[in-house]
Amino acid sequence: MVEGLVRLATASGEAPPFVADPTCGGGAFLLAALDRLVQLGIDPLDAVRRVGGVDLDPAAVEVSRWSVLLWLARTRHEAVASGRAEQLVTIEVGDALVDDPLGWPEQRLVVGNPPFASPLKRGVVPPSAASYRSRRSDLLGPYADIAAAHLLRAVETSGPGSTVALVQPQSILASRDTEPLRAHLDEIAPLQALWAAREPLFDAGVRACAPVLAVGANPGPDVLLARGAEVARAGTRGPQRWSAHGADALGAPRLPRMSGRLGDLVTATAGFRDEHYGLVGCCREAEPGERAGNGVDSARLVTVGAVDPLTVSWGRKPFRFGGADWTRPMVDRDGLSAKVAGWFDRQLAPKVLLATQTKLLEPVVDRLGDLMPATPLIAVHAEPDDLDRVAAVLLAPPVVLWAWRRWFGTALTVDAVKLAARQVSDLPLPRDEAAWSAAAETVAAVPGDGELGMAWDAALDVAAIMTEAYGASPDVLRWWRNRLKPRPVDPASLARSGARSSGAAALGS
Ligand SMILES: C[S@@+](CC[C@H](N)C(=O)[O-])C[C@H]1O[C@@H](n2cnc3c(N)ncnc32)[C@H](O)[C@@H]1O
């Protein structure tokens with residue numbers, strides 16, 4: 001990865017006047033830079049003059065210095081034997097967020113892997129990073145990772161003509177707390193290339209990326225994309241959001257232009273802590289034979305785990321809620337605080353429930369209006385006549401791809417699509433009204449708590465029709481299908497087909 005990133009940052013083929021790693025650790029990036037400088041025609045001794053590093057840790061600095069000298073020794077350079085080389089190595093103890101780098105030339109390539117630490121995990125942010133962030137709170141929100149502070153600092157200490165390529169957590173591509181930073185960088189150091197990895201490459205398990213920024217340059221027509229442990233070339237794309245570049249680096253198929261917003265049809269909400277704990281306190285298993293939610297005094301509780309595309313598994317398979325397993329959980333309005341009861345009443349209407357943080361968006365239409373969504377399930381309210389159309393939009397592969405590209409890097413896993421309730425309104429609408437209506441009719445034919453297999457088949461049909469409704473290519477449908485779980489086998493349908501054929505044949509079908 002280190003070699004690949006250095007190559008990506010020097011893709012122009014010109015040797016940078018200087019290569020700096022402000023958090024150099026054991027010097028992996030400096031060694032790769034030395035190799036690359038030689039490859040670009042620089043003499044080994046001159047290459048050693050052209051690299052520099054800083055680290056807080058004196059042991060790391062010592063390791064880096066020796067690594068560079070050993071690298072030069074391998075070239076049998078006489079400067080090593082004479083002791084002259086030691087004076088040339090500019091690797092020092094320092095704090096990259098405080099100290100000014102050692103009189104390094106202003107025009108430079110800054111490359112490296114700064115520490116990652118999210119302020120969401122309290123206690124991990126060192127004082128210099130905390131004070132840097134509070135000074136730059138105009139660009140770095142309270143939850144911005146400190147790696148983003150290192151990125152900003154590197155850009156601000158580098159002169160025009162420099163390149164900055166620092167490894168970052170993928171959340172930098174779309175998180176709200178780094179949005180002002182991205183906008184600022186687009187102005188002063190536009191994105192030239194972006195590398196992203198699907199696999200976790202570091203112990204921390206955080207998915208990484210590396211924006212390659214051209215300080216003081218005009219934005220180029222295209223951004224070079226690369227992916228994987230080998231930093232393999234993955235194509236180019238024109239200017240767009242950083243998050244979309246991240247998703248494209250990982251192979252997202254192309255989307256057509258889309259216009260119109262789902263917000264014209266819906267309002268979307270999700271409960272918070274109060275609602276969650278309120279519902280936990282008033283939840284019970286339904287009595288045998290009890291009507292499923294009378295829709296006024298009690299409601300069937302569902303969680304993200306109980307929602308699949310176009311169906312809920314309430315009453316059919318157990319799911320977790322509030323630290324316990326439930327099969328037929330009911331929530332009684334009695335006992336809810338006035339605030340939560342008000343929220344409860346507002347949910348009791350026909351609506352679409354939407355599970356996110358999964359590989360697809362998974363909507364189900366609650367036609368009776370008696371399902372109570374547990375946080376973070378999103379309730380999407382619309383006119384009753386529009387609910388099937390709304391569910392079709394949420395199932396549409398181009399919409400899932402659009403959302404993945406838009407908020408790439410913000411979900412818990414690299415392939416998951418994370419959508420907050422307020423973002424549902426931003427989703428695009430299809431162009432082809434007739435195809436959209438046909439997809440809505442397919443949704444309408446599925447009962448809200450129908451068999452899993454039947455819902456799965458219908459979801460697939462809707463996905464195919466909606467791909468056309470958006471004018472997207474079959475690649476987008478294929479991309480979506482690759483994310484779909486295998487077709488579930490319903491115990492009921494298995495029993496039926498078992499009467500006709502052997503169990504194995506039924507499973508095979
Ligand atoms: C993820 S490691 C980098 C590893 C390095 N790329 C290598 O090849 O060994 C991060 C390094 O940043 C250093 N570091 C953390 N905060 C720093 C700061 N504010 N200034 C300079 N170095 C810092 C740590 O001591 C650590 O060596």
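**Figure 1. Surface and overall make-up of the predicted protein model.** The protein exposes about 22400 Å², of which carbon and sulfur atoms supply 53%. The model shown is predicted, with an average pLDDT of 90 and a score of at least 70 for 93% of the residues. Along the principal axes, the C-alpha atoms fill a box of roughly 90 × 45 × 45 Å. The secondary structure comprises 20 helices and 24 strands. Of the 509 residues, 53% are buried. When contacts between residues at least 6 apart in sequence are considered, 73% of them join residues at least 24 apart.

Figure 2. The ligand is surrounded by 17 residues, the closest being Gly26, Ala28, Asp55, Asp95 and Ala96. By residue class, this shell around the ligand divides into seven nonpolar, seven polar and three charged residues.

- Gly26: a backbone N or O atom lies 2.8 Å from an oxygen atom of the ligand.
- Asp55: a polar side-chain atom lies 2.6 Å from an oxygen atom of the ligand.
- Asp95: a polar side-chain atom lies 2.8 Å from a nitrogen atom of the ligand.

The ligand taken alone exposes 600 Å², and the protein buries 75% of that area.

Figure 3. Gln347 belongs to helix 12, which spans residues 338-347. Because its relative accessibility is 2%, Gln347 counts as buried. Beyond its neighbours within four places in sequence, Gln347 is in contact with Thr269, Gly369, Leu371, Met372, Pro373, Ala379 and His381.

Figure 4. The peptide bond from Thr375 to Pro376 is cis, and its omega is near 10 degrees. Pro376 is located in the loop that lies between strand 22 (371-373) and strand 23 (378-381).

Figure 5. Helix 14, formed by residues 397-406, contains Trp402. The relative accessibility of Trp402 is 19%, so this residue counts as buried, the cut-off being under 20%. Not counting residues up to four places away in sequence, Trp402 touches Leu255, Met258, Trp407, Asp426, Leu427 and Pro428. A separation of 32 Å lies between the C-alpha atoms of Trp402 and Gly322, which are 80 residues apart along the chain.

**Figure 6. Val231, a residue with positive phi.** Although Val231 is not a glycine, its phi is positive, at about 50 degrees. Val231 is found in the loop between strand 9 (223-227) and strand 10 (232-237). With a relative accessible area of 7%, Val231 is buried.

**Figure 7. Leu310, a residue with positive phi.** Leu310, a residue other than glycine, has a positive phi near 65 degrees. The loop that holds Leu310 runs between strand 15 (307-308) and strand 16 (311-312). Leu310 counts as buried because its relative accessibility is 3%.

**Figure 8. Residues 498-509 of the predicted model.** Over residues 498-509, pLDDT stays under 50. For this segment, the model has five contacts beyond four places in sequence.

Technical notes:
Residues numbered from 1 in each chain as written. Heavy atoms only, no water. Helix = DSSP H or I, 4+ residues; strand = E, 2+ residues; numbered from the N terminus. Buried < 20%, exposed > 50% of the residue type's maximum accessible area, 1.4 Å probe, protein only. Contact = heavy atoms within 4.5 Å. Near = heavy atom within 4 Å. Polar contact = N/O pair within 3.5 Å; in protein donor to acceptor, adjacent residues only side chain to side chain. Areas by Shrake-Rupley, 256 points an atom, 1.4 Å probe, with all protein chains shown as cover. Nonpolar A, V, L, I, M, F, W, Y, C, P; charged D, E, K, R; others polar. pLDDT = per-residue confidence, 0-100.
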